[in-house]
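Me: Let's talk through the aromatic contacts in this one. Have a look first, then I'll start asking.

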Amino acid sequence: MKFKSIISTITLLCLLFLASCVYNKKTSLEAFKQDVYTPEYATGFKILGAKNAQSTLIQVSNPWQGAKNVTMSYFISRNGELPPTGFTGPTIPAGAQHIVCMSSSYIAMLVAVSGINYIANPYILAHKDSIKDMGPEINYELLLGLKPDVVLLYGIGDAQTAVTDKLKELAIPYMYVGEYLEESPLGKAEWLVALSELTDSRDKGIDVFREIPKRYQALKDLTASVEQRPTVMFNTPWNDSWVMPSTQSYMAQLVTDAGADIQGEHLQQLRPHRPGNCLRTDTKSRLLDQCRHGIHTGRTEKHESQVCRCQICP
């Protein structure tokens, strides 16, 4: 009886070893080459899969201003599957529920996938005391207390290595989101599919996004016959500089599709790929006198003398 028990144990160990070998072979890093989701409008991400694996890779390209040939991969783990051999990036368990968003635009995408259709999110309003504000500088003690499943980051100018190194040290998964670098509003919106992969609701995310281009095109068609296009200027002064978005940014495309023209567009044609262009004081004043509308993200009481004749729409 004892001999049979030993044989059974050895047989079981051999089977486990063989299963492990097969598993590792099927989930090598090179195996993740199947297109799970290839965006139609966005250029900054795609979702890859492997045969006989439920887990996926989110591949993010050039996720900050000025990045060139930068690719980052994030392993979205399902059913206890381990990262593929040779993978060194963050591992994020699918079905994330506790998410720290370093940009409020990510909240809008998550809300869209959840099916809630509100401008003011009732859940956030009801839980405003328990939802914490990380601030511009991450409070890591507070972050640890939240026990997040993932932190969504963005980069400006370069990688936030100080932040990501600390997150690695604390064993907190993270992912860069570069939706603000997309050149079209639909490309920016399509990033909600990437976020839905984190929450294990990809099909829902695809269904939600599928309707957005239809609605967008219907609104765009309304401006096709506009003869008098108003002029629009972006932002307000900051540190004695006035930064305008590139003509190849999603904001520029949004204004154009809405039937307006960007003030000072001819000044930016020489540097269309730059994320922002600073205007000199004399140029800024001249353009303000010519524009009809201004779009910015904050209040402008302190800048009324500089805003001139623009109608400011927060």
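Reply: A quick definition to begin: buried means under 20% relative accessible area, exposed means over 50%, and partly exposed is in between, with a 1.4 Å probe and protein chains only. This is a predicted model, so local features need pLDDT of at least 70 and side-chain atom pairs count only at pLDDT 80 or more, while totals for chains, interfaces and linings use all residues. Residues are numbered from 1 along each chain as its sequence is written, and side-chain values use heavy atoms, with hydrogens and water left out.

Me: How many aromatic pairs does a search of the whole structure find?
Reply: Rings of Phe, Tyr and Trp (its six-membered ring) pair if their centres lie within 6.5 Å; planes under 30 degrees apart are stacked, over 60 edge-to-face, the rest tilted. Run over the whole structure, the search gives a count of nine.

Me: What kind of pair do Tyr74 and Tyr174 make?
Reply: Their ring centres sit 6.3 Å apart. The planes are at 80 degrees, so the pair is edge-to-face.

Me: Is Tyr174 buried or exposed?
Reply: Its relative accessibility is 8%. Because that is under the 20% limit, Tyr174 counts as buried.

Me: And what kind of pair do Phe75 and Phe87 make?
Reply: Here the ring centres are 6.1 Å apart. With the planes at 55 degrees, the pair is tilted.

Me: Is Phe87 buried or exposed?
Reply: Phe87 has 15% relative accessibility. The cut-off is 20%, so Phe87 counts as buried.

Me: Which residues do ring pairs link into a cluster?
Reply: Tyr74, itself buried at 1% relative accessible area, belongs to it. The cluster is Trp64, Tyr74, Tyr174 and Tyr176.
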